[in-house]
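Look through the structure below. Then read on for a short tour of its contacts, its core and its charged pairs.

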Amino acid sequence: MSLTSAATLATLDRTGPRRITDLAAVEGVTQPAMTALVRVMEESGLVERRGDASDKRVTLVYLTEAGASYVRTRRQAGVHAFQRLIGELTGDEVEALVAALPALKHLAELESQDGEGPKQRSGSGSAASR
């Protein structure tokens with residue numbers, strides 16, 4: 001699975017159903033590219049398209065149970081990889097990592113609040129993209 005596919009599934013898991021145009025903006029790809037990507041993921045059973053109950057003109061992309069399961073499996077694999085790697089750090093390195101956790105948590109909160117915008121961030125010279 002491509003990184004964009006995995007990121008799109010994670011976005012749907014985190015934010016809920018979205019329009020293809022919204023997904024394209026968030027993931028930093030063109031609308032036609034996202035349409036093609038959604039079609040492939042739909043054929044794989046990871047997402048489905050449904051009409052928006054509040055606006056019949058709108059079609060939303062929903063994460064299926066298979067898609068949610070894929071996201072959970074990837075996250076769990078990441079947790080296991082970090083557990084193994086952290087086990088190889090020195091005590092001082094573990095302490096430095098623990099000391100950095102509040103800042104990392106704050107970054108995650110900022111990213112969550114900014115989840116509606118595109119991946120490219122502007123600001124004080126830092127290139128913080130997912």
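Of the contacts in the protein with a separation of 6 or more, 43% are between residues 24 or more positions apart. Contact here means heavy atoms within 4.5 Å. The model is predicted: local features need pLDDT of at least 70, side-chain atom pairs count only at pLDDT 80 or more, and totals for chains, interfaces and linings use all residues. Residues are numbered from 1 along each chain as its sequence is written, and side-chain values use heavy atoms, with hydrogens and water left out.

**Layout**

The protein has five helices and two strands. Both kinds of element are DSSP runs, numbered from the N terminus: helices are H or I with at least four residues, strands are E with at least two. From the N terminus on, the order is α-α-α-β-β-α-α.

**The core**

How much of the protein is buried? Buried residues make up 26% of its 130 residues. Buried means under 20% relative accessible area, exposed means over 50%, and partly exposed lies in between (1.4 Å probe, protein chains only).

The largest nonpolar core has 13 residues. Such a core is a set of buried Ala, Val, Leu, Ile, Met, Phe, Trp, Tyr and Cys residues joined through side-chain atoms within 4.5 Å. Among the residues with the most contacts inside this core are Leu9, Leu23, Met34 and Val38. The largest share, four residues, comes from α3.

Take Val38 as an example. Leaving out residues up to four places away in sequence, Val38 touches Ile20, Leu23, Val47, Arg49 and Val61.

**Charged pairs**

How many salt bridges does a search of the whole structure find? The search finds seven. A salt bridge is a side-chain nitrogen of Lys or Arg within 4 Å of a carboxyl oxygen of Asp or Glu. Some of them are listed here.

| Salt bridge | N to O distance |
|---|---|
| Asp13 and Arg75 | 2.6 Å |
| Arg50 and Glu48 | 2.7 Å |
| Glu109 and Lys105 | 4.0 Å |

The pair Asp13 and Arg75 links distant parts of the chain. Asp13 is in helix α1, Arg75 is in helix α4 (residues 65-86), and they are 62 residues apart. Asp13 is partly exposed, with a relative accessible area of 33%. Arg75 is also partly exposed, at 43%.

Glu109 and Lys105 sit in helix α5 (residues 91-113). They are four residues apart, so about one helical turn separates them. Glu109 counts as partly exposed at 36% relative accessibility, while Lys105 is exposed at 56%.

Arg50 and Glu48 are both partly exposed: Arg50 has 37% relative accessibility, and Glu48 has 31%.

Is Asp55 buried or exposed? Asp55 counts as buried, because its relative accessibility is 19%. Asp55 lies in strand β2 (residues 55-63). The side chains of Asp55 and Arg57 are joined by a polar contact of 2.9 Å. A polar contact is a pair of N or O atoms within 3.5 Å; within protein, one must be able to donate a hydrogen and the other to accept it, and residues adjacent in sequence count only if both atoms are side-chain atoms.
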